[in-house]
Amino acid sequence: MGVIVLGPTTWISGSYNAMWETTDSGATWNKVSDATAHWQLCHSPSGALYVGPQQGILKSADGKAWNLIPGFDQQMQGITGDGTNIFAGQQWGASSSRFPKQTPPA
């Protein structure tokens, strides 16, 4: 389980089969996804957020609603970007992906 800082008092945290959000520095937590999220986050220039859970890659426009991107059905824990592309890779496997931040694969 790890914590991803979205703002001064807003964080998300992954646990087994759930991702949680707090907007009050951890005083309360709300479930925002059933995915097992890891602690790496990628910000898109468009403002979209990407997290690599065990189920694929999650995308959010606001940090509250998260959806799995179609086409990714493997564990993608490592995720980062270079301003143009997102790079995602498996923690225990040899699979990796790269796609433009503005147009993820369908």
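Reader: What makes β1 and β2 a strand pair in this model, and in which sense do they pair?

Author: In this predicted model, β1 and β2 are joined by three bridges in the antiparallel sense.

Reader: Why are β1 and β4 described as standing at the edges of their sheet?

Author: The sheet is open and consists of four strands in the order β1-β2-β3-β4, with antiparallel pairing. β1 (3-5) and β4 each have a single partner strand, so one side of each is left without a neighbour in the sheet. From one strand to the next, the twist averages 30°.

Reader: Why is the pair formed by Trp11 and Trp29 called tilted?

Author: By the rule applied, the count of aromatic pairs comes to one. The ring centres of Trp11 and Trp29 are 6.4 Å apart, and pairing requires centres within 6.5 Å, so the two rings pair. Their planes stand at 50°. Planes under 30 degrees apart would count as stacked and those over 60 as edge-to-face, so the pair is classed as tilted.

Reader: Which parts of the chain does this pair tie together?

Author: Trp11 belongs to strand β2 (residues 11-15), whereas Trp29 is in the loop between β3 (18-22) and β4 (30-33), so the pair ties together parts that are 18 residues apart in sequence.

Reader: What is the relative accessibility of His38, and how is His38 classed?

Author: His38 is located in the loop between β4 and β5. Its relative accessibility is 13%, which falls under 20%, so His38 counts as buried. The C-alpha atoms of His38 and Met19 are 8.8 Å apart in space, while the two residues are 19 apart in sequence.

Reader: What makes β5 and β8 edge strands?

Author: They belong to an open sheet of four strands, ordered β5-β6-β7-β8 and paired in the antiparallel sense. β5 (41-43) and β8 (67-68) each have a single partner strand, so one side of each lacks a neighbour in the sheet. Three antiparallel bridges link β5 to strand β6 (residues 49-51), and Cys42 stands opposite Tyr50 in β6.

Reader: Why is Ser60 called buried, and what does its side chain reach?

Author: Ser60 lies in strand β7 (residues 58-60). Its relative accessible area is 1%, under the 20% limit, so Ser60 is buried. A polar atom of the Ser60 side chain lies 3.2 Å from the backbone nitrogen of Asp62. The side chain of Ser60 also reaches the backbone nitrogen of Gly63 at 2.6 Å. Leaving aside residues up to four places away in sequence, Ser60 touches Gly47, Ala48, Leu49, Ala65 and Trp66.

Reader: How do you know that Gly89 is buried?

Author: Gly89 has 18% relative accessibility, and the limit is under 20%, so Gly89 counts as buried. Gly89 is part of strand β10 (residues 85-89). Its C-alpha atom is separated by 6.3 Å from that of Gln77, twelve residues apart along the chain.

Methods:
Residues numbered from 1 in each chain as written. Predicted model: local features only at pLDDT ≥ 70, side-chain atom pairs only at ≥ 80, totals over all residues. Heavy atoms only, no water. Helix = DSSP H or I, 4+ residues; strand = E, 2+ residues; numbered from the N terminus. Buried < 20%, exposed > 50% of the residue type's maximum accessible area, 1.4 Å probe, protein only. Pairing = 2+ DSSP bridges. Polar contact = N/O pair within 3.5 Å; in protein donor to acceptor, adjacent residues only side chain to side chain. Contact = heavy atoms within 4.5 Å. Phe/Tyr/Trp six-rings, centres within 6.5 Å; stacked < 30°, edge-to-face > 60°. Axes fitted to C-alpha atoms, helices over the stretch in contact; angles between N-to-C directions.
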